[in-house]
Amino acid sequence: MKRTLFISMFLTAFSIVAVSQSYNDYIEKSFTCIDKEEWACAEESILGALRAEPSNPQNSLLLSNLGTVQRLQGKYEEAIRSYSNALMITPRSVTLLKNRAALYAEIDSLDAALIDYTSVISLDTKEEEALYRRGMIYLEKNDTLAARIDFERMLQINPQSSDARVGLATLMKFRNYHKEAADLYTQVISFNKNDADLYFGRAEAYFYLGRIAKAREDIKKAMELNEGDPLYYILRSRINWAQYEKEAAYDDLDKALELGASPQSVETVMKEYRQYDKK
């Protein structure tokens with residue numbers, strides 16, 4: 001992950017104002033550390049700059065970068081604090097609000113994420129990413145009406161939006177309209193042929209439609225594009241089980257666990273298999 005992940009990497013590293021040499025030195029060192037993906041080094045360098053010039057008006061950008069490198073280290077509470085401190089300086093920053101919202105969502109603080117995404121949308125009514133993310137959170141909270149409003153609003157802004165169609169497809173699956181979901185995934189796949197998650201989504205829809213051969217074809221394609229997602233193995237396990245390939249089904253669950261799937265989700269599937277075997 002390189003400099004493009006950080007807010008324009010400080011507008012060409014402060015080609016403005018006279019600041020102390022040590023401040024610039026710390027910033028340049030942080031850039032070097034980021035290029036090398038040495039996040040602890042980057043964090044310490046940014047903190048050094050903040051200590052050197054605590055009242056510098058550019059510190060909002062520094063704090064944003066600090067939040068990002070802390071997030072990449074799994075220091076989520078510190079990252080939230082850094083983003084929040086940055087927002088105290090620039091409270092109307094869409095980028096900062098999106099960064100904090102994404103982190104809130106990552107740690108399952110969905111209500112806090114919703115507040116930030118709603119703030120983004122109030123600042124920029126055409127912010128498609130915020131609408132998509134908010135819509136997906138609404139789905140997680142079982143608010144299908146609010147989710148649909150956000151996804152349809154995206155289509156009004158951008159009739160070609162792939163994310164809007166993916167959101168609507170997810171909504172259709174949620175409501176057990178699997179044929180409609182499969183059709184929406186097909187539309188998106190037609191111009192996004194290398195997105196593994198799209199094939200996975202359509203495979204899941206086909207599975208619940210009972211179109212097992214189609215589901216197997218799509219999950220195979222998804223795994224060719226990304227073989228490291230444990231959810232893919234759980235779905236393939238279900239597909240194998242539906243075709244009476246029990247050993248392969250259990251092997252896939254073992255692989256899903258190896259790749260980091262939650263033991264609870266795997267146990268749920270295994271329990272279904274055991275109940276079936278008792279019949």
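This is a predicted model: local features need pLDDT of at least 70, side-chain atom pairs count only at pLDDT 80 or more; totals for chains, interfaces and linings use all residues.

Colleague: At what angle do helix α9 and helix α10 pack, and how far apart are their axes?
Modeller: Helix α9 (residues 144-157) and helix α10 (residues 162-174) pack at an angle of about 155°, and their axes are 8 Å apart. Here axes are lines fitted to C-alpha atoms, for helices over the stretch in contact, and angles run from 0 to 180 degrees between N-to-C directions. That makes α9 roughly antiparallel to α10, where angles under 35 degrees count as roughly parallel, over 145 as roughly antiparallel, 65 to 115 as roughly perpendicular and the rest as oblique.

Residues are numbered from 1 along each chain as its sequence is written, and side-chain values use heavy atoms, with hydrogens and water left out.

Colleague: Which hand does the crossing of α9 and α10 have, and what classes of residue are in the contact?
Modeller: The crossing of α9 and α10 is left-handed, meaning that the near helix is turned anticlockwise from the far one by less than a right angle, whereas clockwise would be right-handed. By class, their contact has eight nonpolar, two polar and four charged residues, with Ala, Val, Leu, Ile, Met, Phe, Trp, Tyr, Cys and Pro counted as nonpolar, Asp, Glu, Lys and Arg as charged, and the others, Gly among them, as polar.

Colleague: OK, what about α6 and α7, how do their axes cross?
Modeller: The axes of α6 (residues 94-106) and α7 (residues 110-123) come within 8 Å and cross at roughly 160°, which makes α6 roughly antiparallel to α7. This crossing is left-handed, and the contact of α6 with α7 has twelve nonpolar, one polar and three charged residues.

Colleague: And where does α7 go next, how does it pack with α8?
Modeller: α7 and α8 (residues 128-140) pack at an angle of about 150°, with their axes 9 Å apart, and they are therefore roughly antiparallel to each other. α7 passes α8 in a left-handed crossing. The residues in contact (heavy atoms within 4.5 Å) include Leu110, Ala113 and Tyr117 of α7, and Ile137 and Tyr138 of α8. Leu110, Ala113 and Tyr117 are also among the α7 residues that meet α6.

Colleague: Switching topic, is Glu43 buried or exposed?
Modeller: Glu43, which lies in helix α3 (residues 39-52), is buried, with a relative accessible area of 9%; buried means under 20%, exposed over 50% and partly exposed in between, for a 1.4 Å probe and protein chains only. Not counting residues up to four places away in sequence, Glu43 touches Leu66, Val69, Gln70, Gln73 and Lys75.

Colleague: What does UniProt list for "repeat: TPR"?
Modeller: The unreviewed UniProt entry lists residues 60-93, 128-161 and 196-229, though annotations may be inferred rather than shown by experiment. In the model, residues 60-93 are 79% helix and 0% strand, with end C-alpha atoms 10 Å apart, while residues 196-229 are 82% helix and 0% strand, and their end C-alpha atoms are 10 Å apart.

Colleague: How many helices and strands in the protein overall?
Modeller: The protein has 16 helices and zero strands, taken as DSSP runs (H or I, at least four residues, for helices; E, at least two, for strands) numbered from the N terminus. Its C-alpha atoms fill a box of roughly 75 × 40 × 30 Å along the principal axes, and 44% of the 279 residues count as buried.
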